[in-house]
Amino acid sequence: MYMAYGWPQVIPLELPNCASTQQIVYLKVVNRLLLVVCPTHLELWSSSQHRVRLGKYKRDAESIRREGENLQAIWSPDTKLIAILTSSFYLHIYKVQFTEKKILIGGKQPTGLFLANVSLLLGEQVPFANNNLTVSNLICDNKHMLIGLSDGSLYNISWKGEFCGAFSPAVLPNSTIIANKLSHHLGNGLPSVGVQAVGGSNHVNHVVSQTRAIVHLEFSITLRLLFVLFSDGELIQCSVSKRGLKHAESILVERSLGSGEAVCASVAPEQQILAVGTRKGTVELYDLADSASFMRSVSLHDWGYCAEDTGPVKCIAWTPDNSSFAVGWKLRGLTVWSISGCRLMSTIRQIGLSSVSSPVVKPNQDLKYEPMMGGTSFMHWDEHGYRLYAIEERSSERIIAFSFGKCCLNRGVSGTTYARQVIYGEDRLLIVQSEDTDELKILHLNLPVSYISQNWPVLHVAASRDGMYLAVAGRHGLILYDIRLKRWRVFGDITQEQQIQCQGLLWLGKIVVVCNYVDSSNTYELLFYPRYHLDQSSLLCRKQLLTKPMVMDVYQDYLLVTYRPFDVHIYHVKLAGQLSPSSTPDLQYESFQS
């Protein structure tokens, strides 16, 4: 579960050098990099521990006058290329190259970041520029990208700048219902009534006549599914072969989805769930693993807000683990929900619960402290789910970053309940403290700078059963915290610390159990350390694992380790001798069940 904390942070963007539409056109976060495309320029930022601008490309006034402002953009999966379509239908492809110039913080501290050069590789007008068409967003795989056109067709462009022509997805033979709904304009990529594509001479694709514009595309490389949204709210699901987007004949329509009110969609590939935003401001969830069956819908209706207050859904962004998603509305605010329908965070003030008297914003209301008051146009989570980056509607001056923490497991598979409630963020712990007044207080516990600066971010946290000790692991090593003494315990030898890549943490009484990934041999192992000393000399036991565990848990002296698909191993752990610095305890284990 996710929980927001603290005030949102602001990342300022460079102002345009000439009059523009004042609307950011693209936002994406991947591989600790943040790309934002504005109407007249683009900026590349670091989204890691140090948020600094690494590079930019600013178009001159003549280029903007001749070729138009940036309209749509897409970032290649390897982050090396950026494709931008301008308002005058010019395709620009940019190359991103990192230099050897390191960025230092405070003039001394190295960050591991390097400045980037962004250069223009290609600038060419697209073949459909003179057809009086409008376009959807861009989607892509490693070699090609697709854009939807207002005549109902999809246009294929390679990352090399090759224009491959327009086509319509083919309807599967068993999709008779869809075929009737889509009528004659979706037929095997060949028109019953239509004109030939304006692609290259080597292509024999066709554009079929359409009555509905394509306004949004959503693509999952993992699931090989393409979702096409039309202007009338119809959403269709298409399958894509392993050969990718290049082969138009392999993109097949499978089914129609939604209630006919769709305005946007977003896929959670790990959970195989499709979230569909509607004109009414609700979000509908569909289970793609179960023939796209309807799961549930979420909205702010129960909190006293209706579609007139928020407007339609503008964008949806899933967390990296696909357990939650953020929803942004066109007129006002954003909210984060769990897939079970629990509201986790909302920027919209809670005024009333009566849906009859919906809290419409009055012009004289003092709401200057409400973020995203003008609506939300783009959102994207960082790769760890600690930050949600958002762009306010009609804004080109800043990015707003919301900080989130993740709830530490307080109840294991065995049913054991832990006393301490701990939430962890990218560089801190938030310890929930209950008072006699029935009020909850949260203690912000910052991690030692010497550790987190080298091992950002926090990846794993485990609290002992009595809640008095915490184990924390970042990219390498681990550290322990004694809540009573308010003291951190770290590895004295940084070489030993860097050899640990923690994949999971457990407490076995006074022993911390680390699931470690050994990079050199591509294997996994369990390391048993006493809580009083983190050093190789104090290691109680080392156990090799079959592969990466799916779930681990502890019950009394028993250790549970499970592997995919469902291989269960239970070990009985025995400790001979006293667990203290003055003695030499011996830890042994025996297989209890497998």
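## Aromatic pairs

A search of the whole structure, which is a predicted model, turns up 14 aromatic pairs. One of them joins tyrosine 2 and tryptophan 381.

Tyrosine 2 belongs to strand S1 (residues 2-4), and tryptophan 381 belongs to strand S30. The pair therefore ties together parts that are 379 residues apart in sequence. Both tyrosine 2 and tryptophan 381 are buried.

## Charges over rings

Arginine 212 places its charged end over the ring of phenylalanine 230, 4.1 Å from the ring centre. Lysine 406 does likewise with tyrosine 386. Here the distance to the ring centre is 4.8 Å.

## Glutamate 370

Glutamate 370 sits in the loop between strand S29 (343-346) and strand S30 (376-381). Its relative accessibility is 5%, so glutamate 370 counts as buried.

The side chain of glutamate 370 makes a polar contact of 2.7 Å with the side chain of arginine 332. That side chain of glutamate 370 also reaches the backbone nitrogen of arginine 349, at 3.4 Å. Setting aside neighbours within four places in sequence, glutamate 370 is in contact with Arg332, Thr347, Ile348 and Arg349.

## Cysteines

How many disulfides are there? The count is zero. Take cysteine 407: the closest cysteine sulfur is in cysteine 408, 8.9 Å away. A disulfide needs the sulfurs within 2.5 Å, so this distance is too far for a bond.

Cysteine 407 is partly exposed, with a relative accessible area of 29%. Cysteine 238 is buried, at 0%.

Key
Residues numbered from 1 in each chain as written. Predicted model: local features only at pLDDT ≥ 70, side-chain atom pairs only at ≥ 80, totals over all residues. Heavy atoms only, no water. Buried < 20%, exposed > 50% of the residue type's maximum accessible area, 1.4 Å probe, protein only. Helix = DSSP H or I, 4+ residues; strand = E, 2+ residues; numbered from the N terminus. Polar contact = N/O pair within 3.5 Å; in protein donor to acceptor, adjacent residues only side chain to side chain. Contact = heavy atoms within 4.5 Å. Phe/Tyr/Trp six-rings, centres within 6.5 Å; stacked < 30°, edge-to-face > 60°. Lys NZ or Arg CZ within 6 Å of the ring centre and 35° of its normal.
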